[in-house]
Amino acid sequence: MAFLTSGTASVRPAPAPALDAVAASLVMRGEWEEADFVLRFFPVFDFQRQAVAALFCTPMYARAGAEAIYGHKAFHDLLAEEWSAIDCAILEHALAFAERLATAGVVVGIGASVSFATLSDPRGRMMYRDALRGANARNHAALVLKIEDIPDRIGGQRIGEIVSSVRPLVPRVWAHLPGSHLPLSGQDVLHAAGVVLSMPARLPATGMAVEARWLSRVAQRQSALACMDHVDSGAELEAVRAANIRYAAGHALNCPALAAEATLDDIRDTLYGAGAQR
């Protein structure tokens, strides 16, 4: 097993059996204390409904005094079989949170992230598909699966194959694209219900507009919904809205991320609060 030792992605080996304990900790508590690795639910705002549409369960490296790192990107030194176990734990943690909200009468979509590496590896894909079947994920109407960390320059056909490998087992699959440099042809079919793009940091206004328009065009060609992630400033928010992108996530929405043990009052404040710059 590997685990984080600093604010970088450096890792050191540990005994493989520790993986079971890490996965169990992520399922039950949503954290891996030794590595400052936590699971958080990030709100996705729907401009059409003017409400938070979903809470996406995503890994986060959060050490005091260090810049937070989101998603699987800080942990690429993990082996595919290690990520498979962690991705299955993320799924189980997200579904437990969804059941808690459903019991409380809170209606919102729940997302679970999965690494492209897990689904590209034959053993990892089999393990994750078995986890989806075991959880009866297809019948969790609120569930959205988001495939993250798609490698740069990978073709649209390959993305479509990976999406298709899990699409029969879950209500909706979204693909988080690596960037606007992705070589997508007009014939590429991603088979995804939605596409996500992260807004690059420190772009000028013209660059923000280019990124937002690219995402909008891709979504239209794919007959998919569009979501811009890392919308962290008012200018980025304006660019996203100008491109008629329906969904966004980021600090500019003023919707805090949630831990699974957050109180129902805190969850409702995030879902229905009026503080976002909309």
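Guide: Counting up the secondary structure, the chain has 8 helices and 12 strands, where helices are DSSP runs of H or I with at least four residues, strands are E runs of at least two, and both are numbered from the N terminus. This is a predicted model, so to speak of local features we need pLDDT of at least 70, and side-chain atom pairs count only at pLDDT 80 or more, while totals for chains, interfaces and linings use all residues. Residues are numbered from 1 along each chain as its sequence is written, and side-chain values use heavy atoms, with hydrogens and water left out.

Now for the loop. L184 sits between β9 and β10 (194-198). Because its relative accessibility is 17%, L184 counts as buried; the cut-off is under 20% relative accessible area, with exposed over 50% and partly exposed in between, using a 1.4 Å probe and protein chains only. Setting aside residues up to four places away in sequence, L184 touches G156, L190, W214 and V218, where contact means heavy atoms within 4.5 Å. G155 is 29 residues from L184 in sequence, yet their C-alpha atoms are 6.7 Å apart.

Follow G156 and you land in helix α5 (residues 156-166), where G156, I159, G160, I162, V163, S165 and V166 are buried. Among the elements covering those buried residues are α3 (116-120), α4 (122-134), β8 (143-148) and β9 (172-176).

L177 and L55 have the most contacts inside the largest nonpolar core, which has 78 residues. Such a core is a set of buried Ala, Val, Leu, Ile, Met, Phe, Trp, Tyr and Cys residues joined through side-chain atoms within 4.5 Å. Helix α2 (residues 80-103) gives the most to this core, with 11 residues. There's also a second, separate core of 10 residues, including V44, A53, F56 and Y247.

Zooming out to the whole chain, buried residues make up 51% of its 278 residues. Of the contacts between residues at least 6 apart in sequence, 64% join residues at least 24 apart.
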